[in-house]
Amino acid sequence: MPTPSKNSIDGGEGKSLGGAPFPPRPKAIATFISSMDFLPGCQTLLHSVKTHLAPTTPQDPYPPEIIVLLSSQLLARSDHATKINNHLLPKFCDRVIIVNHISIAKDAEDGDNNGNEGKPSHVRSWDENCGWTKLRLFELEGYDKILYIDADCLVVKDVGHLLRVDEDDNGDDAGNDSTREKRVGLLAAAPDIFPPDKFNAGVMVIRPSKAVFEDMMACLPNSTSSNQMGSRKTCTSYDGGDTGFLNSFYPGWYNDMPSYSRLPFGYNAQRFMHHCTYDKQPKYWDQAIDDIRIIHFSSSPKPWEKKGSKSSNDAEDKPSYLDGNDANSIQKAAEGGELESMWQKAYENSQAYILHHDVTQKAEAAPARAKPQRHAPAAAKASPQNTHRMVQNRYKELRKTGMNTKEAMLVSRAEYGLDKEGEIDPGKAVGQMFGLM
């Protein structure tokens, strides 16, 4: 199992997995994994972030660092860290940070009259996997600012400008004047579906602060610690998870914070609204939401879960206010609607990116055995028959180095400039090469 780096991202709990360069860049775009089930979602999200991220500007000369927070609970199995390292670094992110799990304590007062133990939230996976661990974002002081996006989201337009929240036109902190202190903790978030005067913690802009994080720990339900002021304020959580807690911790988000703290719904457009309204009136989604940039697949099943799987059955309790027809319609849409098809296409693009990344790396590593070279000029002068023969010979050479069939075909075609001919099926290309098709 890869061991965490001795370097600490924040001087405290966060340890980097793998050989990421230090120090971190000033700003970061982050997500969080507490279950291996979310690995496809994480890959798809990060690829969509990288695809739509705008070029750097004079105000932001450095691109944001792409980071993944990894719950220490996943390290119970040694192969999990290796798998995450192999599937995310460096293809999709710059750094994986291992953070200690913070469990949700069950409250006996929430139990029923039969003596059953209290249920912290309405989603079992929150209790078992996530806990309060996502709150560790707030202690990562190695970064000046973090844009956090849940791993079940899909970015469809650039969101890098959110990292300029709380800055003036010159890129300086809006609080640099002598009249106001630099804001820390939560800087901005988008409204939830209900209640709309609360924010959803699936997309947040924060300025990390250990002092804020320690206050949060003291305010957790059933906490036995005190905050820095020595008080014993306790926050509640109406949903049993981090969204409910953070709204209790930041009760002034809707009324008291600066206007830029309230992001438009399009920065956290939850598909539940699409499922509830689109069939009856698509204009709610198509027109009422201005400039959709992040789609949040916040309900179950997730778009990567197969119908009938254990994960897809571990869903939120069905809302009692929906009749049978509406509940069935929403469930049907969740298993194969328009947004799910959009996510599936984005997932396929992320997997194609993995293949291209791996093939490129293997092509660069192959020189020790059979140095790959770009032969496009020679191929341009050769007849189609000769080019076909050269690709076939190169394919055989690469197969002898240990490359699998698919990779060897992609690399050999690329070296002779045939990768510009559009999408190909490597298996079909191999069959055609040897006269099998």
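Biologist: How many bridges join strand 4 (residues 65-71) to strand 5?

Modeller: This is a predicted model, in which local features need pLDDT of at least 70, side-chain atom pairs count only at pLDDT 80 or more, and totals for chains, interfaces and linings use all residues. Residues are numbered from 1 along each chain as its sequence is written, and side-chain values use heavy atoms, with hydrogens and water left out. Strands (E, at least two residues) are DSSP runs numbered from the N terminus, as are helices (H or I, at least four), and two strands pair if DSSP finds at least two bridges between them. Strands 4 and 5 run parallel, and the number of bridges joining them is five.

Biologist: Is strand 5 (residues 95-99) largely enclosed or open, and why?

Modeller: Buried means under 20% relative accessible area, exposed over 50%, and partly exposed in between (1.4 Å probe, protein chains only). R95, I97 and V99 point one way and V96 and I98 the other, and all are buried. Because five of the five residues of strand 5 are buried, the strand is largely enclosed by the rest of the structure.

Biologist: Which residue of strand 5 stands opposite S71?

Modeller: Strand 4, helix 2 (residues 78-88) and strand 5 make a right-handed β-α-β unit; right-handed means that, with the strands pointing away from the viewer, the path from the first strand over the helix to the second runs clockwise. In strand 5, the residue opposite S71 is V99.

Biologist: How far from C42 is the nearest cysteine sulfur?

Modeller: A disulfide is a pair of cysteine sulfur atoms within 2.5 Å, and a search of the whole structure finds zero. C42 is in no disulfide, and the nearest cysteine sulfur, that of C93, lies at 7.0 Å.
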